[in-house]
Amino acid sequence: ASKTNDDTILASVKYTAQNDKVGAAVVLGTDMEKDLLEGKKIDVTVYRMGGDERYSMFSTTLKNTLQKYALLGSKSSGLDQLLQKIKDNQPEVSKLKKVEPQGGNSILGMDVDYKRTGVFGGALAILTVAFMVSGVLVLGSIIKERENLVHTRVLLSNASDISYLLSKFAVVFFTTTIQTIVAVGSYCLMVRKDVGISVVQFAFIVFLLGLIFNLMSICIGIYARSMMTALYLAFIVWMITALLGGMYFDISGASDTFQRIAMLMPQRWGVKAASMFMNGNLSAYPVLLVVTSAYLIVIMVASVIGIRMNRKE
């Protein structure tokens, strides 16, 4: 309640309107407590500041609230009892419950918080280059085997196409394991910025993506006729998957078609898994395992087809 005169109040209201962003100013009379307990009409003045359209709603709500308090005050023996009645008669406000959207934004969706996953996405883009380069080194052995007819002798032996690919997969597995250990060690020892997930989760994502891209390089080596061609193809694969997967920029505002294309990129699943881990969603483990298995099956099938084409030649 104010005990100052009207001129001082008006001057204060003008000063506030000129120097602050306020939609309205409310001045209560000096006898507000007495009027409330007697159930009388409350002496209140409301000054409108600016053109906020919510002013009418505010003034109506204020009027109804004061009338309600006056009605409660007429049935109260004192101010303490009035305050308790006001507290007991407060309207219940429904609590907000966070629910993960279903459908297009479910686990299978590609919605990620780029502000939180941007650092991890950049690290993943760099690691993808390392995976492709290491894969190229492995596929170099395939090209050498072809040039020295080792590959032909293997195909003419009792060894099956699957056993030949499994031998290469074993090399890729150990190579990826070493790369993951180096990446995790570098992260723990030299990286100062937290990417938002635990070391175990970081290693899990890096290892599975390493398997995908190292085996993808092996597949490229089966089809490529020279080391230079394989290098070019590996670079193109890395560049296209990183760009379409949203490693360098936020694609949340892109068209639905573009985001569906992004779902085909392994890096996007890695970022999606990181986003799920950041939200405490541990279902990212089985999701990433299933996705990785799908990629590996496609790569293995493509590799078998390439080996059989080479056998016919």
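Helix 8 (199-223) is mostly covered, with 21 of its 25 residues buried (buried denotes under 20% relative accessible area, exposed over 50% and partly exposed the range in between, with a 1.4 Å probe and protein chains only). Helices (H or I, at least four residues) and strands (E, at least two) are taken as DSSP runs and numbered from the N terminus. The model is a predicted one, in which local features require pLDDT of at least 70 and side-chain atom pairs count only at pLDDT 80 or more, whereas totals for chains, interfaces and linings use all residues. Residues are numbered from 1 along each chain as its sequence is written, and side-chain values use heavy atoms, with hydrogens and water left out. The end C-alpha atoms of helix 8 are 36 Å apart, in agreement with the 36 Å that its 25 residues should span at 1.5 Å a residue (the expected span being 1.5 Å times one less than the number of residues).

The protein contains 12 helices and two strands, arranged along the sequence in the pattern α-β-α-β-α-α-α-α-α-α-α-α-α-α. Of its 313 residues, 38% count as buried.

The largest nonpolar core comprises 58 residues, and those with the most contacts inside it are Phe120, Ile197, Phe202, Ile205, Ile212, Ile218 and Leu288. Such a core is a set of buried Ala, Val, Leu, Ile, Met, Phe, Trp, Tyr and Cys residues joined through side-chain atoms within 4.5 Å. At least two residues of this core are supplied by each of helix 5 (114-147), helix 7 (161-190), helix 8, helix 9, helix 11 (266-278) and helix 12 (284-312). Helix 8 provides the largest share, 16 residues. In soluble globular proteins, nonpolar side chains tend to be buried together.

The loop between helix 8 and helix 9 contains Ala224, which counts as buried because its relative accessibility is 3%. Ala224 and Ile143 are separated by 81 residues in sequence, yet their C-alpha atoms are 8.0 Å apart in space.

Helix 9 has 18 residues, which should span 26 Å at 1.5 Å a residue; the distance of 26 Å between its end C-alpha atoms agrees with this value. Its buried residues are Ala230, Ala234, Trp238, Thr241 and Ala242. These residues cover an arc of only 100 degrees around the axis and therefore lie on the same side of helix 9 (the arc is that of the directions from the helix axis to the C-beta atoms). Just after helix 9, Gly246 adopts a positive phi of about 75 degrees.

A nonpolar surface patch of about 680 Å² is formed by Leu233, Phe235, Ile236, Met239, Ile240, Leu243, Tyr248 and Phe249. Patches consist of residues with over 30% relative accessible area and no salt bridge, with like charges joined within 9 Å and nonpolar side chains (Val, Leu, Ile, Met, Phe, Trp, Tyr) within 5 Å. Phe249, one of the patch residues, is located in the loop between helix 9 (227-244) and helix 10 (256-262) and is partly exposed, at 37% relative accessibility.

The structure holds one salt bridge, a contact defined as a side-chain nitrogen of Lys or Arg within 4 Å of a carboxyl oxygen of Asp or Glu. It joins the side chains of Asp256 and Arg260, at 2.8 Å from N to O. Asp256 and Arg260 are four residues apart in helix 10 and so are separated by about one helical turn. Arg260 counts as exposed, at 53% relative accessibility. In the loop between helix 10 and helix 11, Met265 is found; this residue is buried, with a relative accessible area of 10%. Met265 lies 19 residues from Gly246 in sequence and 9.2 Å from Gly246 in space, C-alpha to C-alpha.

In helix 3 (residues 55-74), the buried residues are Tyr55, Leu62, Leu66, Ala70, Leu72 and Gly73. Seen down the axis of helix 3, its buried residues fall within an arc of 160 degrees and so line one face of the helix. Met57 and Leu71, on the other side of helix 3, are exposed.

Note on methods. Areas by Shrake-Rupley, 256 points an atom, 1.4 Å probe, with all protein chains shown as cover.
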